[in-house]
Amino acid sequence: MIFSIANVHVAFARNILAQRSLKSALAGLFTHTAAPRFLALNDVSLEIGESEHVGVIGRNGAGKSTLLRVLAGVIAPQEGTVFAASGKHIVPLLELGIGFHPDLSGRENCYLAGSLMGYSIRELDGRIPSIIRFSELEEFIDEPVKGYSSGMYARLAFALATDVEPEVLLVDEVFGVGDEFFMRKCIVRMQRLMKAGATTVFVSHNLDFLVAQCDRLIWLDRGRIVADGKPSEVAAEYRRAEGSHSIRHGSAGSAVRT
Amino acid sequence: MSKTFLYLYTRSQLKLKYRHTYLGFLWNLLEPASYLIVLSIVFAVVNRMNIRNYAVYLFGALVAWRYFERTVGLMMESIVGGDWLLKKMPVSPFVFPLSRWLIASVEFLFAFAVVLGLFLVLKQDWTIHLVVLPLAMIPWAVLGLGTGMICAVVFVFFRDIRQVVQMLLMFVFFTSPILFEADLFKEHSLQAALLRLHPVTYFAALFQKPLYYAVWPGVADWAVSIGISGLSLLAGWLLLNRLKGRLYFYL
């Protein structure tokens with residue numbers, strides 16, 4: 001077992017900006033206004049075994065990225081339990097990459113992120129050259145990453161995440177960036193990792209990719225798991241439901257107009 | 001917590017800070033020296049004291065206080081400033097305040113070396129009591145770490161806490177016997193009694209006694225300063241440990 005989560009709830013407070021001050025906290029004492037909350041994950045339970053390749057689909061705001069963050073250990077849920085296998089190199093590739101410090105160079109960032117994935121400096125010394133080669137960023141590697149384009153940023157993150165030979169790889173929609181040739185390189189590399197036995201969880205809107213690569217598909221909607229099973233079946237169900245949903249809305253709209 | 005990460009992150013932060021400014025480091029040394037000189041002259045005149053004597057008195061606790069104040073100031077925004085990583089990777093939030101504390105401490109050691117040179121020129125007779133100074137720094141360093149950690153956590157939830165902390169620090173500073181000597185007040189006066197209740201009195205004594213009075217710090221000085229600094233560290237650690245799961249939602 002790599003991951004096991006049970007009855008996980010994650011709620012975000014809305015208009016949080018206004019609440020992060022002593023002033024509003026004091027005002028809140030007198031008015032007793034509870035902050036409106038948004039339930040991103042609502043009672044989610046899930047187990048992911050060794051070498052499973054899991055895809056996660058759902059509409060925007062369904063809780064896919066939150067689920068991935070819970071698995072990665074970045075978010076601690078307010079309710080529920082999270083178990084993650086210890087002693088594994090877990091590499092999260094969340095929205096456009098790994099946490100990179102904008103003022104530090106690509107190389108420095110590789111070392112920082114690599115050390116968080118559990119590698120020693122000496123191990124990283126050996127790996128960094130091939131990471132740079134794969135990312136094709138030799139010219140820019142010693143420049144601050146704030147000067148990178150979004151494609152360059154994603155390339156470096158992807159090169160790093162896959163070169164360190166992760167045992168668990170969590171990927172949140174990274175295929176949209178980078179040019180076609182780089183993407184192809186990425187997919188080849190990812191497939192090799194998957195064949196080698198790495199556990200992978202993909203969040204993507206690219207249904208065809210998920211059906212082709214995964215052996216299990218999870219459909220999330222408004223923070224709940226709607227379906228969990230064979231990719232082709234879940235994908236068909238998802239397409240049917242969401243398709244008819246939007247068509248129904250469309251026809252209702254036209255009915256009002258006529 | 002990843003020690004490798006803490007080391008690499010602190011090193012790159014230091015590099016970043018001094019990357020483009022060779023003068024930056026020099027400024028770090030010049031700043032406390034010039035501050036000390038100006039304050040000695042002004043207060044020696046106000047207090048009608050011998051400048052040379054007063055500078056030696058002031059030097060003791062002021063340098064330590066400035067280190068404490070700077071540590072707290074630097075650490076305050078450390079967790080919020082770590083959002084680039086805390087939102088993307090599983091990382092212990094302890095590394096951010098700890099790294100700032102390390103940077104402040106390294107800078108303090110260099111500044112202290114310079115001011116110590118200045119001091120040795122001013123002070124006529126050197127005594128054996130000076131050897132206790134490295135030990136005297138420890139309670140101050142621990143106090144800075146603990147207080148800074150508390151501030152860093154509170155700052156995540158209340159972004160307007162900086163002004164409050166600055167005000168409190170200013171109050172503590174001006175009421176403590178750092179700028180003025182404690183025997184300014186009569187022995188049985190209320191002020192003298194209040195000063196005995198002031199925790200910074202004991203912290204300051206760790207430096208003032210060996211440097212200025214040429215005596216060893218007393219048992220009370222050690223007990224109070226070690227006790228309070230230890231408590232502040234414990235409080236900071238417990239607070240961050242308890243709230244670390246909630247940080248994400250406030251970054």
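**Exercises on a two-chain predicted model**

Of the 258 residues in chain A, 38% are buried, a residue being buried if 20 or more other C-beta atoms, placed from the backbone, lie within 10 Å of its own, exposed if 12 or fewer do, and partly exposed in between. This is a predicted model, in which local features need pLDDT of at least 70 and side-chain atom pairs count only at pLDDT 80 or more, while totals for chains, interfaces and linings use all residues. Residues are numbered from 1 along each chain as its sequence is written, and chains are lettered from A in the order in which they are written.

**Exercise 1.** Determine which secondary structure elements chain B contains.

*Solution.* Begin with the definition: helices are DSSP runs of H or I with at least four residues, and strands are runs of E with at least two, numbered from the N terminus. Counted in this way, chain B has eleven helices and zero strands, whereas chain A has eight helices and nine strands.

**Exercise 2.** Decide whether B:F112 is buried, partly exposed or exposed.

*Solution.* First locate B:F112, which lies in helix α6, residues 95-122 of chain B. Next take its 19 C-beta neighbours inside 10 Å, because of which B:F112 counts as partly exposed.

**Exercise 3.** Compare the radius of gyration of chain B with the value for a compact globule.

*Solution.* The radius is taken over C-alpha atoms, and the globule rule is 2.2 Å times the number of residues to the power 0.38. For 251 residues the rule gives a value near 18 Å, and chain B has 19 Å, which agrees.
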